[in-house]
Amino acid sequence: MTRLGREDVARRSASVEDTERLGEALAPALRAGDIVALEGPLGAGKTRFVAGLARGMAAKARVRSPTYTLVNEYPGRVPLVHLDLYRVAPAEIEGLGLEDHLESAALVVEWGGKLPASLRAEALVLEFEIVSETERRIAALATSGRGRELLTSWQALSAAPSHAREAR
Ligand SMILES: Nc1ncnc2c1ncn2[C@@H]1O[C@H](COP(=O)(O)OP(=O)(O)O)[C@@H](O)[C@H]1O
Ligand SMILES: [Mg+2]
């Protein structure tokens, strides 16, 4: 997994609801063509984050882990395509037609470290870390122009008092 440069912003979550709110906060910034790559171990909260994000996009569908179904699509202000690459071999990823989805939808990808470098370079990368049973740390990184714009937006949108800051 390629490490990007320094991380620019990190948030703490003390509960599932916190993590969902941190996902929801990103929703207003997303547009078709955007890529959000979620990284970090099983149980870190990636799917809960997507549930909040989908809620923020006004998607009515229930968010489940796509580990078995691979791709879930939620209608909303901007359609949200949700993938989990955990069980997908790198060679298969090129065949998923992700670029086609990007024409009309935003893409949120669990195990986003497996994305082709060309797509990951455009992404907002969120690294999830398990701090304790109930605490998570979510660090944002981005290299490209659009990824950096999303990072800046999420930084601002997730800065509400209900979201505990890193240093507290
Ligand atoms: N602060 C937190 N944020 C998110 N999930 C948490 C948190 N604390 C405990 N959990 C638990 O961790 C698990 C996260 O699951 P999930 O979102 O499916 O992880 P992932 O998709 O990264 O494998 C859930 O069982 C949830 O109840
Ligand atoms: Mg998951």
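**View 1. The shell around ligand 1, by residue class.** The residues of the shell around ligand 1 fall into four nonpolar, eight polar and six charged. Here Ala, Val, Leu, Ile, Met, Phe, Trp, Tyr, Cys and Pro count as nonpolar, Asp, Glu, Lys and Arg as charged, and the others, Gly among them, as polar. The model is predicted, local features need pLDDT of at least 70, side-chain atom pairs count only at pLDDT 80 or more, and totals for chains, interfaces and linings use all residues. Residues are numbered from 1 along each chain as its sequence is written, while chains are lettered from A and ligands numbered from 1 in the order in which they are written. Ligand 1 is surrounded by 18 residues, of which the closest are Thr 19, Gly 45, Lys 46, Thr 47 and Arg 48. A residue is near a molecule or strand if its C-beta atom, placed from the backbone, lies within 6 Å of it. Helix 1 (16–26) and helix 2 (46–56) each give at least two residues to this shell. Helices (H or I, at least four residues) and strands (E, at least two) are DSSP runs, numbered from the N terminus.

**View 2. Helix 1 and its cover.** Eight of the eleven residues of helix 1 are buried, so helix 1 is largely enclosed by the rest of the structure. A residue is buried if 20 or more other C-beta atoms lie within 10 Å of its own, exposed if 12 or fewer, and partly exposed in between, with C-beta atoms placed from the backbone. Among the buried residues are Asp 18, Thr 19 and Leu 22. Their cover includes strand 1, helix 2, strand 7 and helix 6, where two residues are in contact if their C-beta atoms, placed from the backbone, lie within 7 Å.

View 3. Seven strands, in the order 1-7-6-2-5-4-3, form an open sheet with mixed pairing. Two strands pair if DSSP finds at least two bridges between them. At the edges are strand 1 (9–13) and strand 3, each pairing on one side only. From one strand to the next, the twist averages 20°. Axes are lines fitted to C-alpha atoms, for helices over the stretch in contact, and angles run from 0 to 180 degrees between N-to-C directions.

**View 4. Strands 2 and 5, with helix 2 across the sheet.** Strand 2 (residues 35–39) and strand 5 run parallel and are joined by four bridges. Ile 35 has Leu 107 opposite it in strand 5. Helix 2 lies across strand 2, strand 3, strand 4, strand 5 and strand 6 (124–130), and runs at about 160° to strand 5.

**View 5. The hairpin of strands 3 and 4.** Strand 3 (residues 71–74) and strand 4 (residues 80–84) pair in the antiparallel sense over four bridges. Five residues lie between the two strands of this hairpin. Asn 72 has His 82 as its bridge partner in strand 4. Asn 72 and Tyr 74 make up the covered face of strand 3, and Val 71 and Glu 73 the uncovered one. In a regular strand the side chains alternate between the two faces of the sheet.

**View 6. Trp 111 in its loop.** Trp 111 lies in the loop between strand 5 (106–110) and helix 5 (117–120). Trp 111 is buried, with 21 other C-beta atoms within 10 Å. Its phi is near 60°, a positive value in a residue other than glycine. Most residues other than glycine have a negative phi.
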